[in-house]
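Trainee: I have a structure to read, and I would like to learn how. Please take me through it feature by feature.

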Amino acid sequence: MRVSKLILDIAKLSLGIAFTSCGIVATFKPLPVTAAEKITFSLSFLGEFSLSVEDMEIFAKKGEITSEFAYYANFLDKKTLQQLRQILQTSFAVEPITVYRLTNMPMGEDFLRRLGNIIYTHPQRNGLYAIRAALILAAGEPEGLTAINFLRHFPTDEMQLNTDLIFAIVKEAESFFRYKDTSIKAIAEQAQQEINSQTRPDFANLPDLRQPGQYQVSQETLTFPIDDLRQTAVGFAGAYDLNVDIYAPKGLTSSAPLAIIAHGLGSQRSDFAYLAEHLASHGYIVAIPEHAGSSSNYQEAFLRGEVNVDVSPFEFYSRPRDITHLLDRLEQHPDYQKLINWSQIGVLGHSFGGTTALITSGAPVNLARVKDVCDSDLFTLNVSLFLQCRANNLPPGEYDLQDDRIKAVVALNPVTSSVLGIESMQQINIPTLIVGGTMDFVAPFIPEQAHPFLWLTTPDKYLATMVNGSHFSTINEENIAGINDFLKGFRPDLGRDYLKALTLAFFEAHIKDSSEYQSYLTAAYAENISNPELPLHLIQSLTPEQLELAYGDTPPTSPIPEPIVAVASEQNRDILAEIKQTGTLKVAMRTDAAPFGYTDHSDLTGFCADLAVAFGDRLTQELNTSTPIKVVKIPSSVLNRFELVEKETVHLECGPNSIVSDREEVVFSDPFFSSGTRFLVNQDNAINLDLDSQLEGTRLGVLEATTTKQFLQQNYPNAEIVSFESADGRSKAIQAVRDGYLDAFVSDRVLLTGEIDRQGLGRENYQAIPEQPLTCDYYGLILPQGDSQWRNTINTFLHEHAAEQVFDQWLENYYPQAISDLDYCQNQRKQ
């Protein structure tokens, strides 16, 4: 069962998800001690009034309106009453354990929390936990999950509804649906204008691009081992296998263009096998990678309980990296390195795959907009936001994952409004085709495709609109068997034909530069192949003013959102030029932070020392200097690390620096390591510390001027905090724990372990508690403000082989714990 299908089922019932004990559900189904006997409606202008659940059940089962219900039914027309009864009668055959798994995932809990502002047990008390309990128990009833069973299992004697908020949502929905209708009309009018202004070819005498090409097609599956972070079906890992289906034309006599297809969330490589075969028959090599952390195989593992993460935020990073890794491996493959024309590469993706394709094509993940949109608990009808908001848990950084080898991109039903936003969409500078269906309830057409089309600034842009098309209107026939009832009337056979023609024309025109195919990329051609059962429009231009004029009022959602990303400070330094002129790279590094930086026989050593040397070698090559760049290593501490950079004493500072947002005088590189706060205790004292208490009277050691000290002051104000300031403060603090002077020393786990290893004290003599980190810390290099080129140079270097070698040498032993911490931190629930 697809994630998208399950989301639609839940949306139909208009209830949330997420729940209680898995064991209880799996073993028995208890009757609730209390159950909702009435629903209380709260209206600001009428106060509160109630309706019994029994009256609603009678209406659902028999269609009878009781005298109490009659008062409220008089406010509803006949059609609305019929719809209400249909909703009350609708049953979903789903196992309680499956409901538990789905609703206990972060996306489900986010949905429940927002829904809990509408359905609650007491005024101002979010109904999340009550809703999840009722859903999981109702799913165990013989007749399945129904609205009545949900009400019967609601764990209080009444369920309260914020009717004002419901009415506001309904009003918002009515306005939005009217805006969608007028926008579709505006698109149709724009298509007609383009038809009138274009020379119309005689399409009857042109090749039909919906038909197969001249080549027979071969298919094979390749597996490439990849060393990179990624969520997999066996957990978060630092290496994985990338499985790829390759479709190739038989009998090629010269190199061929390459098309890559990215599947959607919970989908599989075969979703677009028909399109791969079609393109291959026309002379394309087509590669479809499996995105291991969000495929159908992964979804099934999640539903079986083998992994605990629905969608890792890291998928927004890993999916584009899959495409880059695929290109790298194919460039090295003995067969395909010569078969592929490496100047002719395009990418196509569906849904989450469409987002993946856009990210890889130049639209960076927009953490600032994600935070702005997703920190709200307001209920939303755009279910794609629950996926997009997963990116809110990504480590800080600039996620520019563009692969310059890609020359054109097709995005089918992509989700874009928040995870990319206007700021990122404007950065795409290659030909782009966006395809959407106007009846897409998973990735709604207006906010996720139509408005983002307006944001594109690339001169070669196209918007294909399938009127009445759904989220699944282009997926392979065999792969939508489970949702055929939902797709009745959506004519996916037509959608597949449209996609075959438009994709082939788009790639021919913009990957192979075949100008004769431009005539297919016109509103006239779309009209020529359009079927009244699934009307197709293709336009190359649209303005916000056209949408506003068609709507006749201020749109319910602005076509051009307000900018939220702060304008970057004016660049006033050229550090690369300074280094080239002086021949010197100045790097500050810690002397008290093994394994990152420490002194060994008076010499600075550790990860940072070797990283600085490798970076100096890299700059020597990049700057093409006559003599090697000299690397000057300057000692730093927690007290002066920011000052050294701010006063331009050094070009960067390397150490375990937690990336924070309140340091305006400096900036940070992208993260290069992750860790989290723990309490270091000796083995005899571990049982005596209750971290859920205030730790009153407990002696806790901490380094001065660290984010860890701020954490202790905020969370354990009654503890006795002992600060250590000197360069050997960490060493002294660990000795104090050993000697019993401190009950615990509090720091990041990697630094605790690194110092124990440096001193040879034996990890077995200490314990770091708790198992999961109390804070999530991402380490970045400290850099001067005002030179974006310098920051980009360093971020690029951190991903290069030379930096990875240094990482492996010094941090490999700490890597498994770092991966575990990163996995935990990505998937924390919102408190």
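**Reading the model**

Mentor: Start with a loop. Phe75 sits in the loop between α4 (67–73) and α5 (78–89). Keep in mind that this is a predicted model.

Trainee: Is Phe75 buried or exposed?

Mentor: Phe75 counts as exposed, because its relative accessibility is 62% and the cut-off for exposed is over 50%.

Trainee: Before going on, how do I judge confidence? What is the mean pLDDT of the protein?

Mentor: The mean pLDDT is 87, and 90% of the residues reach 70 or more. Over residues 1–33, pLDDT stays under 50. The model has 84 contacts beyond four places in sequence for residues 1–33.

Trainee: What should I do with coordinates where pLDDT is low?

Mentor: Where pLDDT is low, predicted coordinates should not be read in detail.

Trainee: Next, charges. How many salt bridges does a search of the whole structure find?

Mentor: The search finds 35. Take a few in turn, and check both the distance and the exposure of each partner. Arg663 and Glu665 form one, with the closest N and O atoms 3.1 Å apart. Arg663 is partly exposed, at 33% relative accessibility. Glu665 is partly exposed too, at 25%.

Trainee: What is the N to O distance for Lys732 and Asp728?

Mentor: It is 3.7 Å, and their side chains meet in a salt bridge. The cut-off is within 4 Å, so the pair qualifies. Lys732 has a relative accessible area of 42%, which makes it partly exposed. Asp728 is partly exposed at 35%.

Trainee: And Asp757: which residue does its side chain meet in a salt bridge?

Mentor: Arg763, at 2.6 Å from N to O. Asp757 is partly exposed with a relative accessible area of 31%, and Arg763 is partly exposed at 41%. Salt bridges can also share partners: Arg230, Glu315, Arg319 and Asp322 are joined this way into one network.

Trainee: Now aromatic rings. How many aromatic pairs are counted?

Mentor: The count comes to 29 aromatic pairs. For each pair, read the centre distance, then the angle between planes. The rings of Tyr317 and Tyr399 have centres 6.3 Å apart and planes at 80°, so this pair is edge-to-face. The pair links distant parts of the chain, 82 residues apart. Tyr317 is in helix α13 (residues 315–332), while Tyr399 is in the loop between α17 (384–388) and β13 (408–412). Tyr317 and Tyr399 are both buried.

Trainee: What geometry do the rings of Phe596 and Phe607 have?

Mentor: Their centres are 6.1 Å apart and their planes stand at 90°, so the pair is edge-to-face. Phe596 lies in the loop between β18 (592–593) and β19 (597–600), and Phe607 in helix α25 (residues 607–623), 11 residues apart. Both Phe596 and Phe607 are buried. Then follow the chain of pairs: ring pairs link Phe596, Phe607, Phe672, Phe673, Tyr779, Phe807 and Tyr815 into a cluster.

Trainee: How do I read burial along a helix? How many residues of helix α8 are buried?

Mentor: In α8 (residues 128–138), 10 of the 11 residues are buried, so the helix is largely enclosed by the rest of the structure. Among the buried ones are Leu128, Arg132, Leu135 and Leu137.

Trainee: Which residues of helix α3 are buried?

Mentor: In α3 (residues 53–62), they are Val53, Asp55, Met56, Glu57, Phe59 and Ala60. Here is the general idea for helices. An α-helix has 3.6 residues a turn, so residues three or four places apart point the same way. Look past the helix end as well: Gly63 follows α3, and its phi is positive, near 75°.

Trainee: One more glycine. Where is Gly780?

Mentor: Gly780 is in the loop between β30 (777–779) and β31 (782–784). It counts as buried, because its relative accessibility is 0%. Now list its partners, leaving aside neighbours within four places in sequence. Gly780 is in contact with Gly655, Asn657, Ile659, Phe668, Ser669, Asp670 and Phe672.

Terms used: Residues are numbered from 1 along each chain as its sequence is written. Side-chain values use heavy atoms; hydrogens and water are left out. pLDDT is the predictor's confidence in each residue, from 0 to 100. Contact means heavy atoms within 4.5 Å. Buried means under 20% relative accessible area, exposed over 50%, partly exposed in between (1.4 Å probe, protein chains only). Helices (H or I, at least four residues) and strands (E, at least two) are DSSP runs, numbered from the N terminus. Rings of Phe, Tyr and Trp (its six-membered ring) pair if their centres lie within 6.5 Å; planes under 30 degrees apart count as stacked, over 60 as edge-to-face and the rest as tilted.
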